[in-house]
Amino acid sequence: MKKVVNVLSVTGLMFFGAIQSTFAQEAAESKTFHQELKQRFIEGGPEFMGIVLVALILGLAIAIERIIYLNMATTNTKKLVANVDEALSSGGIEAAKEVCRNSKGPVASIFYQGLDRVDEGVEAAEKAVVSYGGVQMGLLEKNTSWLSLFIALAPMLGFMGTVIGMIQAFDMIAVANDISPGVVAVGIKVALLTTVFGLIVAIILQIFYNYIVSKIDSIVNNMEDASIQLIDLLVKYKK
């Protein structure tokens, strides 16, 4: 296994070295991607391009924070249920609550709330699980509405820049009293650049948003399945 890893590592280094040398040769002949992007950003105008860039930065910050939170909230529910079942059999409710206290994630928190109410009856424990499950779902979905706002806002700002660029182009036509391509080229170029940049930002954030939503759905499904198993365990324990 170690030999395979070493071979893959050497192959990867050779591959990336070849790519780097190729990019270095191309950069010597033409502008780098960073320089081209910087130039297009300046040409698009700092007003709307800057606002769209702020939307991208804020959207990425929210997306990264959500991804980190959701990954930390992901737990092995089967293992947790097995540990709670074993704790209930050996040490009772307090032992099961201790297992939940030592476990991370929303499922463990929901289990703890249900176990904390089990003395009032299984129905009370079930109501606590359902209520606290809604709280945990709200925490999982926190700030996702802001991310969807930036997804919608970025192309709108780009289109607004497009409209303003076209207005500037018509103003130039009116001033010059000429509709030659050279007169309107600047305004149309600004219009197209802001549109493209806004759409790129929306596409990037949409990819993150879809991943976050799918992650939330997966965690919620695990929460619901684990909650049903907890209620079954409590019913068995009470018998």
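This is a predicted model: local features need pLDDT of at least 70, side-chain atom pairs count only at pLDDT 80 or more; totals for chains, interfaces and linings use all residues.
User: How many helices and strands does the protein chain have, and what part of its residues counts as buried?

Analyst: The protein chain comes to 8 helices and 0 strands, so that reading along the sequence gives the pattern α-α-α-α-α-α-α-α. Of its 239 residues, 33% count as buried.

User: I would next like to look at one helix in detail. What span would a straight helix of 25 residues have, and what does α4 span?

Analyst: A straight helix of that length would reach 36 Å at 1.5 Å a residue, whereas α4 (residues 77-101) spans only 14 Å between its end C-alpha atoms.

User: Where does α4 bend, and by about what angle?

Analyst: The bend is at Gly91 and comes to about 140°. At the start of the helix, moreover, a side-chain oxygen of Asn76 comes to within 3.4 Å of the backbone nitrogen of Lys78.

User: Which residues of α4 are buried?

Analyst: As a general idea, an α-helix has 3.6 residues a turn, so residues three or four places apart point the same way. In α4 the buried residues are Thr77, Leu80, Val81, Val84, Ala87, Leu88, Gly92, Ile93, Ala96, Lys97 and Cys100.

User: Lys97 is in that list, and I wonder about its charge: with which residue does Lys97 form a salt bridge?

Analyst: In general, side chains of opposite charge can pair when their charged atoms come close. Here the partner of Lys97 is Glu94, with the closest N and O atoms 3.7 Å apart. The two are 3 residues apart in helix α4 and are therefore separated by about one helical turn. Lys97 counts as buried because its relative accessible area is 8%, under the 20% limit.

User: How far apart are the closest N and O atoms in the salt bridge of Glu98 with Arg101, and how exposed are the two residues?

Analyst: In that pair the closest N and O atoms are 2.7 Å apart, and both residues lie in α4, 3 residues apart, about one turn of the helix. Glu98 is partly exposed at 35% relative accessibility, and Arg101 is likewise partly exposed at 44%.

User: Which residue forms a salt bridge with Asp116, and which residues are joined into one network?

Analyst: Asp116 pairs with Arg117, the closest N and O atoms being 3.0 Å apart. Asp116 is partly exposed at 33% relative accessibility, as is Arg117, with a relative accessible area of 30%. Through salt bridges that share partners, Glu94, Lys97, Asp116 and Arg117 are joined into one network. The structure holds 5 salt bridges, among them the ones between Lys97 and Glu94, Glu98 and Arg101, and Asp116 and Arg117.

User: Finally, how many aromatic pairs does the structure hold, and which residue lies over the face of Tyr69?

Analyst: A pair of aromatic rings is described by the distance of the centres and the angle of the planes. This structure holds 0 such pairs, but Arg66 lies over the face of Tyr69, at 4.5 Å from the ring centre.

Methods
Residues are numbered from 1 along each chain as its sequence is written. Side-chain values use heavy atoms; hydrogens and water are left out. Helices (H or I, at least four residues) and strands (E, at least two) are DSSP runs, numbered from the N terminus. The expected span of a helix is 1.5 Å times one less than its number of residues. The bend at a residue is the angle between axes fitted to the seven residues ending there and the seven starting there. Buried means under 20% relative accessible area, exposed over 50%, partly exposed in between (1.4 Å probe, protein chains only). A polar contact is a pair of N or O atoms within 3.5 Å; within protein, one must be able to donate a hydrogen and the other to accept it, and residues adjacent in sequence count only if both atoms are side-chain atoms. Rings of Phe, Tyr and Trp (its six-membered ring) pair if their centres lie within 6.5 Å; planes under 30 degrees apart count as stacked, over 60 as edge-to-face and the rest as tilted. A charge sits over a ring if NZ of Lys or CZ of Arg is within 6 Å of the ring centre and within 35 degrees of the ring normal. A salt bridge is a side-chain nitrogen of Lys or Arg within 4 Å of a carboxyl oxygen of Asp or Glu.
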